[in-house]
Amino acid sequence: MSTAAGLHPGRVLILAPRGRDAVVAKEILRDARLRADICLDIEELLQEIDHGADVAVMTEEATRGDIRAMAAWVLSQPPWSDFPFVLLTEHGGGLERNPAAARLVSMLGNVSFLERPFHPTTLVSVVLTGLRGRQRQYECRRLNEELESRVQERTGELAAVNRQLLGQIKERENVESTLRQMQRLEAVGQLTSGVAHDFNNLLTVVLGNLGFVEKGLAAAAGVDGKLTQRLGYMRAAAERGAKLTDQLLSFSRRQRLEPRSLDLNETVVNMRDLLQSTMGGTTHIETQLQHSLWPAMVDPTQLELAVLNLAINARDAMQVGGSLTVETDNALVGPPLRPEEPPAGEYVSVCVSDTGTGMSEEIRAKVFEPFFTTKEVGKGSGLGLSQVLGFAKQSGGGVRINSRLGEGTSVYIYLPRAETETAKFGPAPLRATWAGAPRNATILLVDDDDEVREVTRAMLHELGHIVLEAGSGGAALDTLKRHAGIDLLIIDFAMPGMNGAEVARLAHAEQPNLPVLFVTGFADRGGLASVDDAFIVGKPFHYDEIAGKVQFALGAGAGNVVRLRR
Ligand SMILES: Nc1ncnc2c1ncn2[C@@H]1O[C@H](COP(=O)(O)OP(=O)(O)OP(=O)(O)O)[C@@H](O)[C@H]1O
Ligand SMILES: [Mg+2]
């Protein structure tokens, strides 16, 4: 390798303090087109090495003084470096007879010995070998640095991928926990719906029989006032039970909703007085209404109940003198982060905010569970927010809670935006008419619960009708075949095997004009969605209610027979 000027690119340093040794060596090297510089002592040699040199040629005498600085320099070399030294020894001073030289080997590492006198070519070739070795070291350093930067690059990439992976794992954990919570709520929903259904049957029996006892007592002479009062307590308790059952059904999303296009601003304005009396005089109530609010598709009664539940919670969370805000808005909602939130989309929201205690994250995680309450016994049943969530979800929306401990709570109910301003009704609802309704009608009563059937039969009997009974859909269809002249079919909707809607369908196949009245603790939306409310009796029912509906159904005649969607 040589430069353009013909000089070798390496640089040689010479340390030979005695006589003309240094000059002679320099001349020999220069003749071989090697660049060489003379140093006067070890200190200068080390400085020049640091400035840039590739081989050092030293005489043995130069190393006889204090060479600790040189030893330290050799040790401090980076891992890639092993600086080459050429040591010119005395004649006959070979390693085997020269312990000082042996010490230099271990101290300097990369040393070549050249015994004087030497032929110039020998010096040149030893120096060239040293220079070549040094070039290899430089190459090694370059490769090493390149490798290091690639390793760093890769490490950076790996760290980024790792961060991404951790993010994905976290996201998956969130999704899984949301899913688990949803499944839990769903399971609790199914359970409560079953319990509520049984309770409705029990309450129908209790309330129905209470009605008879009350009537019987009223008819008997000398009624005991105390006894009547006690019966009143029983009725009040049973009716409270019916209300709780209703809320359970609403949580399990199996209540009958009658959604219609509604202006939530109007609902809020109409509720103001009710809210004020609920909250008491010391609470300041504010409404913030969005003026260009979209219409919402919602059942008005359930919505009012939900807002009332939220207001009661707000009242309980506030000290005297707090403030309640009811707000309406159009909302564009992103993907849900919690199970109670609605799917992404356009909603109309109504939000109830308070300046109360707020909730801890721990409590917040449980508030939608039925029967979860932090209120003292007798004060809360833990069903308020269950109703709110059940109703919102069944309506096709959802709920969101923002709460800060010590600062207050906002609960948003999201309801689906109605497509049109006009209500999405079917035909105009039928009004019950009493005129022309026959007495002494023959009614086929179908219910799988013997006690419910018995109390219903007694009520119908009181109304002056002839009652045929069936404990199942199959038995009912048999009776229909055998008996001519049945005027009305009253069917329990939820029965094992064939449900009420199926029985009605099969009955209509035989007798298309037979009026049908459904009795139900809850209604599957799909099952009875197309049936007008006039032909549905909710459990537990009052004597007056069943009386009115039976009369209406009998009077409805051939023209108004309930048709079920096929
Ligand atoms: N606005 C609120 N501020 C603070 N905590 C609240 C608020 N709303 C609900 N909570 C907490 O959530 C719990 C459950 O509320 P939820 O309405 O379901 O039942 P409840 O109010 O305890 O009883 P119920 O409504 O059946 O009478 C409450 O007991 C309370 O701890
Ligand atoms: Mg409540």
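Predicted model: local features only at pLDDT ≥ 70, side-chain atom pairs only at ≥ 80, totals over all residues.
The contact between domain 2 and domain 3 involves 11 residues from domain 2 and 13 residues from domain 3, two residues being in contact if their C-beta atoms, placed from the backbone, lie within 7 Å. On the side of domain 2 that touches domain 3, H5 and H6 are the elements giving two or more residues, and the largest share, 6 residues, comes from H5.

Helices are DSSP runs (H or I, at least four residues) numbered from the N terminus. The axes of helix H5 (residues 120-219) and helix H6 (residues 225-251) come within 9 Å and cross at roughly 160°; axes are lines fitted to C-alpha atoms over the stretch in contact, with angles from 0 to 180 degrees between N-to-C directions. H5 is therefore roughly antiparallel to H6 (an angle over 145 degrees).

Ligand 1 is surrounded by 23 residues, the closest being Asn313, Ala317, Thr373, Gly380 and Gly384; a residue counts as near if its C-beta atom, placed from the backbone, lies within 6 Å. Helix H8 (300-317) and helix H10 (384-394) each supply at least two residues of this shell, and H8 gives the most, with 4 residues.

Residues are numbered from 1 along each chain as its sequence is written, while chains are lettered from A and ligands numbered from 1 in the order in which they are written. Local features need pLDDT of at least 70 and side-chain atom pairs count only at pLDDT 80 or more, whereas totals for chains, interfaces and linings use all residues.

How values were computed:
Parallel < 35°, antiparallel > 145°, perpendicular 65-115°, else oblique.
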